[in-house]
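Let's walk through how to read a few features of a protein model, one at a time. Keep the structure open and follow along.

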Amino acid sequence: MYFPKILTPFSCLLVAVACAILSPRSAVAQAEPAVSGSPAALPASDSVILDMREAFRRNDKARLASLLPLARGHALEPWAAYWELKARLEEAALPEVQDFLVRYKGTYQEDRLRNDWLLVAGKRRDWAGFAAEWPRFRMRDDREARCYAVAMDVAQGKAVGAEAIAQVRRDWLDQRELDDGCLLAVDLLHQAGKLPYTDLWLKARLAIEANRASMARAAVELDARDAAATVAQIQNSAVRYLASRAAVGTRKGQELIVLALIKLAAQDPEQAAAQMEAKWSVQLTHEERNWVWGVIGRQAALKLQDSAVQHFAKVTRDGDLNDDMLAWKARAAMRQGQWRTVRSAIEAMSDSSQKDPAWVYWRARALTALARSDADRVQPRQLLESVAGVHGFYEKLAQEELGRPITAPALPPPLSDAEKAAAQSHPGLNRALLAISIGLRSEGVREWNYTTNLHTPGGMGDRELYAAADLACQRQVWDRCINTSERTRSFMDYGQRFPMPFRNEVVGQSRAIGLDPAYVYGLIRQESRFIVAARSGVGASGLMQVMPATARWTARKIGLTDFKPSQIYERDTNILLGTSYLKLALDDFQNSLPLAAAAYNAGPGRPRVWRAPGGAGPTLDGAIWAENIPFSETRDYVKKVLSNTVDYATILTGQPQSIKVRLGTVGPLPPGAEDMSRELTAR
C-alpha cells in the first residue's frame, strides 16, 4: 500500500484559527494610528473583519459593500477596504482607486491594490493609466507587472535598457504559468529585434520537459504560428512524431525534433538516447545535440541511473547547457567519484550559481580531490573560507572541512529600549500581528513580510529586523520571529533564530523514547515553524505536520488504543505521534538521520529506492547522498533539518558540534540484513 506523505513544505495553507498573542488585543489596536478619514468611533468587532474575508473569498460583492461601513475604525480597516474594492476592481472608477491609494497611503494594502490596478491597466493596454502608477509601485514583486512595464515602453517606442530586457527574459524563462503581461512583452521585444527566436524555442524546450504543453505552444506561436499545432502532436506521442520524420528539414523542423526528443527523454531517457544514437544526432546542430544530451543526462540522473554520466559525456560543450543540467551533471559525477567532471560542470555554470554556497563547497571538494601538491590546495581552501560559517548546511560543511568545530556565534549587543519601542509602535508590524491573532494568518504574514522586506528599498536594517523578530518572539508568533531573525546578516542571535517553545514537552517526550531532542526540534522548525494550528493542503496537521492516516497507524504501533482523529490537533498528542513515528523511521533506517528525515518528508518508499537505486549502488558520503535526492523539496528539507539539528544541539549541549557525523554515510543494506523500513508501509 502506498504510504501517504506525512509532511508537506512549510508553504502550506493554515487552519483559520486564532494564534495566541500574549499581549491583549487592545494594546495591538492602540499601537495602530487611526487611518486618515476614519470616523471617530469605537473599533468594529473582529467578527466583521472575518466575515468580510469570507465574503471576499466567495466574491460576494454585495456582502462586502454592506459590511464595509461596519469595519470603519478597526485597526484592520485597510484590509476590509482592500477586499471590497479588489472584488470589483474591473468595474471601479479611477477616482475610487485614487481615493483608496490616498486614504491608505504607506500601507501594504495601498501598494497591493496599486499592483492589482497595474495589472488591470496592462490588460486593457491603458498605458497612460499604467504609467501614472508604475513609478509609485514600491514592491516590484509582481512578474506580470514588470513585464507590462517593458511592454508599455516598447509599445510607445521608448528605448528599453539591456537590464530591463534581461529581466523580462528571466521572468519569461522562469514562468510556470502563462500570463498576458510576459507573453505580450516577449512578443513585442521579439518583433522589435530585442529577443532572438532562440529564446522563444528555449522557453518551449523548458516547457515541454516540464509537461506544460500550452506554454510550449504559446512560445512556438510567437516565432512560427504554423508550427504551434505540432506541439500537441509531440505532447501526445513523441515516439510517433519522431517515427513519422525521416529528416529534420527546415530550422523549425529541427526545433520540433528537439522538442520531441526532450519529451521522450522526460518519459524514458534510455529510449531517447537510443533515438539520438540511431538517427538524430548527426542531423542536429552542435547546440541542439548538446542540449538534448543534457536533458537525457539530467533525466537519467534524476532516476539515479549510472548511465547519466555517460550521457553527459556526449556533451561537447558544457556552455550549451543551463545551470540545472550542469548541477545534475555534477551530482551524477560526484556519485561516481568523478571529481574532474564535477569541477568542469561547476565551472561552466553562471556566475550567480558558482557563488551559491553549495557549488562553492562542491568545487572546493573537487579541487581538493584532484590536488597533487600543497600549491593545488590553496584555491580550494580559499573557496571554503569564502563560505564557511554556521548559518547554513554548506556553510557548516565548509567550516568542518577547514577543521573548525561548529559553535554558537557571539550574541549581538542587546536591543535598546528605543529599538524595542520602535518595533512595538510600528503600524505595519502591529497590524500584521493583529491579523494573525484573529485568524488571518495569510494576510498577517503578507503584511509582516512587506513591512520588514519591501516597504523601503532593501528592507529594514539588521537592528530593525532584530527588534521586529524580538517583538514576534515575545508574542509567540514563532514563524515571523524565525524568518525575520534569519534576515539579519551582520550578526546572529542563536536563541532567536532557533527558539524552543514547549521545551518541557518536546525534550521530555524525545528523551523518553530515545530520540535526540535537537533532531526533533530541527524537524519541527522546518515543518511548522512551531505553529500549533498549522495545516497543509493535503491535511497534515500540527507542530509535527502529521497526516491522519499516519496518526492512526502510529497510535496502533505505540498502543494508544483510545486515539481519536480529533486528537491530532492537540499539541501534546501531536508531539507524541510525530516523535513516535520519527523514532520508528530512525530505527528502521539503521539510525540514519538523513534517511529518516527523507522518509518523514517523502514517505519511506522513496528513500528506500534512493539509498540503493536498482537494489545496488555505492555507499556515499551523506552530503553526496543528500545532494542527489531527486525531489528538490525533499533535498532542501533534509539539508535544513540536519543543519537545524546541529544548531539546536549547540544550544542544548553548549558543546561544539559536527554536521558530518550526523550525515554519516548512506548506501545499500549489508548483505543478509533485513530491511525493517518496509514495515512502515504496512497499514
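Q: Before we start, what kind of model is this?

A: It's a predicted model. Now for the helices.

Q: Which residues of helix α23 are buried?

A: Now the case here. Helix α23 spans residues 378-387, and its buried residues are Pro-380, Leu-383, Leu-384 and Val-387. They cover an arc of only 95° around the axis, which puts them on the same side of α23.

Q: And which exposed residues sit on the face of α23 turned away from that buried side?

A: That face carries Gln-382 and Ser-386.

Q: What do the buried residues of α23 pack against?

A: Two helices: α22 (357-370) and α24 (393-401).

Q: On to cysteines. How many disulfides does the structure hold?

A: The general idea is that a disulfide is a covalent bond between the sulfur atoms of two cysteines. This structure holds 2 of them. Count the bonded cysteines along the chain and the pattern reads 1-2, 3-4.

Q: Which parts does the disulfide of Cys-147 and Cys-182 tie together?

A: Start with the bond: the sulfur atoms of Cys-147 and Cys-182 are 2.1 Å apart. Cys-147 lies in helix α8 (residues 143-155) and Cys-182 in helix α10, so the link ties together parts that are 35 residues apart in sequence. The torsion about the S-S bond of Cys-147 and Cys-182 is about 80°, so this disulfide is right-handed. Cys-147 and Cys-182 are both buried.

Q: Is the link of Cys-473 and Cys-481 right-handed or left-handed?

A: Right-handed, with 40° about the S-S bond. The sulfur atoms of Cys-473 and Cys-481 lie 1.9 Å apart, and both cysteines are buried.

Q: What is Trp-625 in contact with, leaving aside its neighbours within four places in sequence?

A: Its contacts are Pro-594, Leu-595, Ala-598, Trp-610, Arg-611, Leu-620 and Val-666.

Q: Last topic, accessibility. Is Ser-353 buried or exposed?

A: The cut-offs do the work here: buried means under 20% relative accessible area, and exposed means over 50%. Ser-353 has 17%, so it counts as buried. You'll find Ser-353 in helix α21 (residues 351-354). A polar contact of 2.6 Å joins its side chain to that of Asp-323. Leaving aside neighbours within four places in sequence, Ser-353 is in contact with Asp-323 and Trp-359.

Q: And Asp-417, buried or exposed?

A: Exposed, at 65% relative accessibility. Asp-417 is in helix α25 (residues 417-424).

Notes. Residues are numbered from 1 along each chain as its sequence is written. This is a predicted model: local features need pLDDT of at least 70, side-chain atom pairs count only at pLDDT 80 or more; totals for chains, interfaces and linings use all residues. Side-chain values use heavy atoms; hydrogens and water are left out. Buried means under 20% relative accessible area, exposed over 50%, partly exposed in between (1.4 Å probe, protein chains only). Helices (H or I, at least four residues) and strands (E, at least two) are DSSP runs, numbered from the N terminus. The arc is that of the directions from the helix axis to the C-beta atoms. Contact means heavy atoms within 4.5 Å. A disulfide is a pair of cysteine sulfur atoms within 2.5 Å. A polar contact is a pair of N or O atoms within 3.5 Å; within protein, one must be able to donate a hydrogen and the other to accept it, and residues adjacent in sequence count only if both atoms are side-chain atoms.
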